[in-house]
Amino acid sequence: MAEPLLEVKDMKVHFKTDDGIVKAVDGVSYSIQPGETLGIVGESGSGKTTLARCIAGLHRSFTGEIALRDVVMPPGARARDREMRQELQYVFQSPYSSLNPRKTIGQIIEQPVRLFFDLDHRQAHERVVSTLERVRLSESVMPRYPHELSGGERQRVAIARALAAEPAVLICDEVTSALDVSVQAAIVDLIAQLQREMDLGLVFVTHNLALIRTIAEEVSVMSAGRIVESGKVEDVLRSPQNAYTKALLADTPTMETALAAAGA
Ligand SMILES: Nc1ncnc2c1ncn2[C@@H]1O[C@H](COP(=O)(O)OP(=O)(O)OP(=O)(O)O)[C@@H](O)[C@H]1O
Ligand SMILES: [Mg+2]
(Lines give C-alpha, C1' and ligand atoms only; values in the text may rest on other atoms or scores of the structure.)
(Ligands and ions follow the chains in the order given, each with its own letter.)
Protein backbone atom coordinates (compact mmCIF):
# COMPACT_ATOMS: atom_id res chain seq x y z
CA MET A 1 0.00 0.00 0.00
CA ALA A 2 1.10 3.59 -0.66
CA GLU A 3 2.33 5.64 2.27
CA PRO A 4 -0.60 6.90 4.31
CA LEU A 5 -1.53 10.56 4.04
CA LEU A 6 -2.34 10.76 7.73
CA GLU A 7 -1.44 8.21 10.33
CA VAL A 8 -2.31 8.16 14.02
CA LYS A 9 -0.42 5.66 16.13
CA ASP A 10 -1.41 4.54 19.61
CA MET A 11 -2.73 7.94 20.64
CA LYS A 12 -3.54 8.41 24.31
CA VAL A 13 -4.91 11.44 26.09
CA HIS A 14 -5.46 11.12 29.82
CA PHE A 15 -6.91 14.03 31.80
CA LYS A 16 -6.40 14.40 35.53
CA THR A 17 -9.63 15.49 37.15
CA ASP A 18 -10.91 15.69 40.72
CA ASP A 19 -12.56 12.33 40.19
CA GLY A 20 -9.34 10.71 39.01
CA ILE A 21 -7.94 10.03 35.57
CA VAL A 22 -10.21 10.31 32.55
CA LYS A 23 -8.89 8.22 29.69
CA ALA A 24 -10.43 10.40 26.97
CA VAL A 25 -8.43 8.71 24.21
CA ASP A 26 -6.95 5.38 25.13
CA GLY A 27 -4.80 3.88 22.40
CA VAL A 28 -6.27 4.86 19.04
CA SER A 29 -4.56 4.08 15.74
CA TYR A 30 -5.75 4.65 12.21
CA SER A 31 -4.55 5.87 8.86
CA ILE A 32 -6.07 7.37 5.76
CA GLN A 33 -4.89 7.44 2.17
CA PRO A 34 -5.05 10.48 -0.09
CA GLY A 35 -8.62 11.09 -1.22
CA GLU A 36 -10.06 8.72 1.38
CA THR A 37 -12.77 9.52 3.89
CA LEU A 38 -12.84 8.05 7.37
CA GLY A 39 -15.96 8.47 9.47
CA ILE A 40 -15.59 8.38 13.23
CA VAL A 41 -18.73 7.81 15.25
CA GLY A 42 -19.31 7.35 18.93
CA GLU A 43 -21.55 8.56 21.70
CA SER A 44 -20.98 11.75 23.64
CA GLY A 45 -17.80 11.59 25.70
CA SER A 46 -16.22 8.78 23.69
CA GLY A 47 -13.17 10.93 22.88
CA LYS A 48 -13.87 12.04 19.30
CA THR A 49 -13.22 15.75 19.78
CA THR A 50 -10.17 15.20 21.95
CA LEU A 51 -8.68 13.02 19.21
CA ALA A 52 -9.55 15.58 16.51
CA ARG A 53 -8.06 18.43 18.55
CA CYS A 54 -4.78 16.56 18.95
CA ILE A 55 -4.52 15.98 15.22
CA ALA A 56 -5.38 19.61 14.51
CA GLY A 57 -2.67 20.75 16.90
CA LEU A 58 -5.07 22.35 19.37
CA HIS A 59 -4.31 19.93 22.18
CA ARG A 60 -0.71 19.07 22.90
CA SER A 61 -0.71 16.67 25.81
CA PHE A 62 -0.85 13.23 24.31
CA THR A 63 1.31 10.21 23.79
CA GLY A 64 1.59 8.38 20.51
CA GLU A 65 2.30 9.73 17.08
CA ILE A 66 0.61 11.71 14.34
CA ALA A 67 2.34 11.55 10.97
CA LEU A 68 1.59 13.40 7.77
CA ARG A 69 3.01 11.56 4.73
CA ASP A 70 5.30 9.63 7.07
CA VAL A 71 6.66 12.77 8.75
CA VAL A 72 5.88 12.88 12.47
CA MET A 73 4.13 16.12 13.40
CA PRO A 74 5.02 17.79 16.66
CA PRO A 75 2.11 18.22 19.07
CA GLY A 76 0.67 21.73 18.94
CA ALA A 77 0.12 23.79 15.78
CA ARG A 78 2.74 26.34 16.75
CA ALA A 79 5.51 23.78 16.63
CA ARG A 80 4.46 22.64 13.16
CA ASP A 81 5.98 24.10 10.05
CA ARG A 82 4.00 26.17 7.58
CA GLU A 83 3.56 23.35 5.12
CA MET A 84 2.14 21.04 7.78
CA ARG A 85 -0.26 23.73 8.92
CA GLN A 86 -1.36 24.33 5.37
CA GLU A 87 -1.86 20.66 4.57
CA LEU A 88 -4.00 19.92 7.58
CA GLN A 89 -7.08 22.05 8.09
CA TYR A 90 -10.14 21.61 10.24
CA VAL A 91 -13.72 22.72 10.68
CA PHE A 92 -15.27 22.44 14.10
CA GLN A 93 -18.72 22.32 15.53
CA SER A 94 -19.78 25.87 16.08
CA PRO A 95 -19.67 28.36 13.24
CA TYR A 96 -20.74 30.93 15.83
CA SER A 97 -17.61 30.89 17.93
CA SER A 98 -15.10 29.85 15.26
CA LEU A 99 -15.38 33.01 13.11
CA ASN A 100 -13.95 36.31 14.32
CA PRO A 101 -17.01 38.59 14.76
CA ARG A 102 -14.99 41.72 13.96
CA LYS A 103 -13.75 40.56 10.58
CA THR A 104 -15.69 40.56 7.33
CA ILE A 105 -16.17 37.31 5.45
CA GLY A 106 -13.72 38.59 2.82
CA GLN A 107 -11.06 39.25 5.47
CA ILE A 108 -11.66 35.89 7.15
CA ILE A 109 -11.03 33.96 3.95
CA GLU A 110 -8.22 36.18 2.78
CA GLN A 111 -6.22 35.37 5.91
CA PRO A 112 -5.16 31.81 4.95
CA VAL A 113 -4.80 32.88 1.31
CA ARG A 114 -2.26 35.54 2.36
CA LEU A 115 -0.59 33.30 4.90
CA PHE A 116 0.03 30.35 2.62
CA PHE A 117 0.34 31.82 -0.87
CA ASP A 118 2.39 34.58 -2.35
CA LEU A 119 -0.29 36.45 -4.25
CA ASP A 120 -0.77 40.11 -5.10
CA HIS A 121 -3.89 41.95 -4.05
CA ARG A 122 -5.91 41.18 -7.17
CA GLN A 123 -4.92 37.51 -7.23
CA ALA A 124 -5.78 37.17 -3.54
CA HIS A 125 -9.18 38.71 -4.18
CA GLU A 126 -9.81 36.28 -7.04
CA ARG A 127 -8.78 33.38 -4.83
CA VAL A 128 -11.24 34.48 -2.12
CA VAL A 129 -14.04 34.74 -4.69
CA SER A 130 -13.31 31.32 -6.19
CA THR A 131 -13.12 29.77 -2.71
CA LEU A 132 -16.52 31.23 -1.85
CA GLU A 133 -17.85 29.78 -5.10
CA ARG A 134 -16.61 26.35 -4.05
CA VAL A 135 -18.92 26.48 -1.03
CA ARG A 136 -21.74 27.95 -3.12
CA LEU A 137 -21.59 31.44 -1.63
CA SER A 138 -21.64 34.54 -3.75
CA GLU A 139 -19.07 37.30 -3.77
CA SER A 140 -21.72 39.55 -2.25
CA VAL A 141 -21.12 38.07 1.23
CA MET A 142 -17.56 39.43 1.32
CA PRO A 143 -18.26 42.77 3.03
CA ARG A 144 -20.62 41.18 5.57
CA TYR A 145 -19.82 40.15 9.15
CA PRO A 146 -20.46 36.65 10.54
CA HIS A 147 -23.53 37.75 12.54
CA GLU A 148 -25.12 38.90 9.28
CA LEU A 149 -25.19 35.32 7.97
CA SER A 150 -27.35 32.30 8.75
CA GLY A 151 -25.86 29.37 10.67
CA GLY A 152 -25.58 27.33 7.48
CA GLU A 153 -23.89 30.20 5.64
CA ARG A 154 -21.47 30.69 8.51
CA GLN A 155 -20.53 27.05 8.42
CA ARG A 156 -19.91 27.41 4.66
CA VAL A 157 -17.56 30.29 5.46
CA ALA A 158 -15.73 28.13 8.01
CA ILE A 159 -15.41 25.41 5.35
CA ALA A 160 -14.21 27.98 2.78
CA ARG A 161 -11.60 29.28 5.22
CA ALA A 162 -10.24 25.75 5.66
CA LEU A 163 -10.26 25.07 1.92
CA ALA A 164 -8.58 28.38 1.09
CA ALA A 165 -5.37 26.83 2.41
CA GLU A 166 -5.74 24.05 -0.20
CA PRO A 167 -5.23 21.31 2.38
CA ALA A 168 -4.57 17.64 1.75
CA VAL A 169 -6.42 16.64 4.93
CA LEU A 170 -9.60 18.09 6.34
CA ILE A 171 -10.80 17.24 9.84
CA CYS A 172 -14.50 17.88 10.44
CA ASP A 173 -15.81 17.53 13.98
CA GLU A 174 -19.60 17.61 14.37
CA VAL A 175 -19.83 20.28 11.69
CA THR A 176 -23.59 19.98 11.47
CA SER A 177 -24.57 19.59 15.11
CA ALA A 178 -24.99 23.32 15.80
CA LEU A 179 -27.12 23.75 12.69
CA ASP A 180 -30.79 23.59 12.07
CA VAL A 181 -31.78 20.11 10.97
CA SER A 182 -33.03 21.49 7.65
CA VAL A 183 -29.53 22.55 6.54
CA GLN A 184 -27.54 19.63 7.94
CA ALA A 185 -27.93 17.40 4.89
CA ALA A 186 -26.94 20.23 2.53
CA ILE A 187 -23.72 20.86 4.45
CA VAL A 188 -22.82 17.16 4.49
CA ASP A 189 -23.54 16.88 0.77
CA LEU A 190 -21.36 19.92 0.13
CA ILE A 191 -18.45 18.47 2.10
CA ALA A 192 -18.81 15.14 0.28
CA GLN A 193 -18.74 16.92 -3.06
CA LEU A 194 -15.72 19.06 -2.12
CA GLN A 195 -13.91 16.00 -0.85
CA ARG A 196 -14.23 14.43 -4.30
CA GLU A 197 -13.49 17.61 -6.25
CA MET A 198 -10.36 18.39 -4.24
CA ASP A 199 -9.33 14.79 -3.57
CA LEU A 200 -9.15 15.50 0.16
CA GLY A 201 -8.29 13.06 2.87
CA LEU A 202 -11.27 13.60 5.12
CA VAL A 203 -11.82 12.67 8.76
CA PHE A 204 -15.51 13.19 9.47
CA VAL A 205 -16.44 12.99 13.12
CA THR A 206 -20.04 12.75 14.24
CA HIS A 207 -22.28 11.04 16.75
CA ASN A 208 -24.82 10.58 13.99
CA LEU A 209 -24.42 7.25 12.21
CA ALA A 210 -27.00 8.19 9.58
CA LEU A 211 -24.80 11.04 8.35
CA ILE A 212 -21.76 8.81 7.99
CA ARG A 213 -23.43 6.81 5.29
CA THR A 214 -23.60 9.71 2.86
CA ILE A 215 -20.00 10.74 3.28
CA ALA A 216 -17.62 7.97 4.28
CA GLU A 217 -16.48 4.65 2.85
CA GLU A 218 -14.78 3.54 6.05
CA VAL A 219 -16.01 4.02 9.58
CA SER A 220 -14.46 3.59 12.99
CA VAL A 221 -16.67 3.35 16.02
CA MET A 222 -15.33 4.87 19.23
CA SER A 223 -16.36 4.02 22.75
CA ALA A 224 -14.66 5.15 25.94
CA GLY A 225 -11.54 6.35 24.16
CA ARG A 226 -11.03 3.27 22.02
CA ILE A 227 -11.92 2.16 18.53
CA VAL A 228 -14.18 -0.82 19.09
CA GLU A 229 -15.05 -1.58 15.50
CA SER A 230 -13.82 -0.51 12.04
CA GLY A 231 -14.75 -1.36 8.50
CA LYS A 232 -16.67 -0.45 5.40
CA VAL A 233 -19.63 1.72 6.35
CA GLU A 234 -22.16 -0.58 4.68
CA ASP A 235 -20.78 -3.67 6.45
CA VAL A 236 -20.70 -2.02 9.85
CA LEU A 237 -24.21 -0.65 9.43
CA ARG A 238 -25.60 -3.91 8.05
CA SER A 239 -24.00 -6.31 10.47
CA PRO A 240 -22.34 -4.63 13.41
CA GLN A 241 -20.05 -7.04 15.25
CA ASN A 242 -19.64 -5.11 18.42
CA ALA A 243 -22.35 -4.81 21.08
CA TYR A 244 -21.69 -1.12 21.48
CA THR A 245 -22.11 -0.49 17.73
CA LYS A 246 -25.37 -2.44 17.80
CA ALA A 247 -26.65 -0.26 20.62
CA LEU A 248 -25.54 2.88 18.81
CA LEU A 249 -27.31 1.75 15.65
CA ALA A 250 -30.49 0.93 17.51
CA ASP A 251 -30.44 4.48 18.85
CA THR A 252 -29.86 6.24 15.56
CA PRO A 253 -32.61 7.30 13.22
CA THR A 254 -32.05 6.18 9.65
CA MET A 255 -31.09 8.68 6.98
CA GLU A 256 -34.61 8.37 5.64
CA THR A 257 -36.14 9.41 8.97
CA ALA A 258 -33.52 12.14 9.39
CA LEU A 259 -34.34 13.50 5.93
CA ALA A 260 -38.05 13.26 6.57
CA ALA A 261 -37.57 15.16 9.82
CA ALA A 262 -35.62 17.76 7.88
CA GLY A 263 -38.49 18.07 5.44
CA ALA A 264 -36.19 17.06 2.58
N1 LIG B 1 -9.96 19.48 29.22
C2 LIG B 1 -10.51 18.39 29.76
N3 LIG B 1 -10.32 18.08 31.06
C4 LIG B 1 -10.84 16.97 31.61
N5 LIG B 1 -11.59 16.09 30.92
C6 LIG B 1 -11.83 16.34 29.63
C7 LIG B 1 -11.31 17.51 28.97
N8 LIG B 1 -11.72 17.48 27.67
C9 LIG B 1 -12.45 16.38 27.54
N10 LIG B 1 -12.54 15.68 28.69
C11 LIG B 1 -13.23 14.41 28.92
O12 LIG B 1 -12.78 13.51 27.94
C13 LIG B 1 -13.82 12.66 27.49
C14 LIG B 1 -13.94 12.75 25.99
O15 LIG B 1 -14.42 14.04 25.61
P16 LIG B 1 -14.62 14.46 24.09
O17 LIG B 1 -15.02 15.89 24.07
O18 LIG B 1 -13.41 14.09 23.34
O19 LIG B 1 -15.84 13.54 23.67
P20 LIG B 1 -16.69 13.52 22.32
O21 LIG B 1 -16.70 12.12 21.83
O22 LIG B 1 -16.22 14.57 21.40
O23 LIG B 1 -18.16 13.88 22.84
P24 LIG B 1 -19.34 14.71 22.12
O25 LIG B 1 -20.02 13.76 21.17
O26 LIG B 1 -20.24 15.08 23.26
O27 LIG B 1 -18.74 15.89 21.43
C28 LIG B 1 -15.06 13.10 28.26
O29 LIG B 1 -15.21 12.26 29.35
C30 LIG B 1 -14.73 14.51 28.70
O31 LIG B 1 -15.40 14.84 29.88
MG1 LIG C 1 -17.12 16.25 20.48
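Some conventions before the structure. The model is predicted, so local features need pLDDT of at least 70 and side-chain atom pairs count only at pLDDT 80 or more, while totals for chains, interfaces and linings use all residues. Residues are numbered from 1 along each chain as its sequence is written, chains are lettered from A and ligands numbered from 1 in the order in which they are written, and side-chain values use heavy atoms, with hydrogens and water left out. Helices (H or I, at least four residues) and strands (E, at least two) are DSSP runs, numbered from the N terminus.

I start with the sheet of 4 strands. It is open, its order is E2-E1-E4-E5, and the pairing is antiparallel; two strands pair if DSSP finds at least two bridges between them. At the edges are E2 (20-32) and E5 (71-72), each of which pairs on one side only. E1 and E2 make a hairpin, with 2 residues between them. These two strands run antiparallel and are joined by 10 bridges. Within that pair, Met11 is opposite Val28 in E2.

For angles here and later, axes are lines fitted to C-alpha atoms, for helices over the stretch in contact, and angles run from 0 to 180 degrees between N-to-C directions. H1 spans residues 48-56 and is mostly covered, with 7 of its 9 residues buried. Buried means under 20% relative accessible area, exposed over 50%, and partly exposed in between (1.4 Å probe, protein chains only). The buried set is Lys48, Thr50, Leu51, Ala52, Cys54, Ile55 and Ala56.

E7 (residues 169-173) and E8 (residues 201-206) are paired in the parallel sense over 5 bridges, and Leu170 is opposite Leu202 in E8. Contact means heavy atoms within 4.5 Å.

Thr176 sits in the loop between E7 and helix H6 (181-198). Is Thr176 buried or exposed? Thr176 is buried, at a relative accessible area of 5%. Apart from neighbours within four places in sequence, Thr176 contacts Gln184, Ile187, Val188 and Leu211.

Now the helix pairs around H3. The axes of H3 (residues 105-116) and H4 (residues 121-134) come within 9 Å and cross at roughly 115°. So H3 is roughly perpendicular to H4; on the scale used, angles under 35 degrees count as roughly parallel, over 145 as roughly antiparallel, 65 to 115 as roughly perpendicular and the rest as oblique. The crossing is right-handed, which is the case when the near helix is turned clockwise from the far one by less than a right angle, with anticlockwise giving left-handed. From H3, Ile105, Gly106, Ile109, Glu110, Val113 and Arg114 meet His121, Ala124, Arg127, Val128, Thr131 and Leu132 of H4. By class that contact holds 6 nonpolar, 3 polar and 3 charged residues. Ala, Val, Leu, Ile, Met, Phe, Trp, Tyr, Cys and Pro count as nonpolar, Asp, Glu, Lys and Arg as charged, and the others, Gly among them, as polar.

H3 also packs with H5, at an angle of about 25° and with the axes 7 Å apart. H3 is therefore roughly parallel to H5. This crossing is right-handed. Ile105, Ile108, Ile109, Pro112 and Val113 of H3 make the contact with Val157, Ala160, Arg161 and Ala164 of H5. The contact of H3 with H5 has 8 nonpolar, no polar and 1 charged residues.

Last, Pro143, in the loop between H4 and H5 (151-164). Pro143 is exposed, with a relative accessible area of 55%. Pro143 and Gln107 are 36 residues apart in sequence, and their C-alpha atoms are 8.4 Å apart in space.
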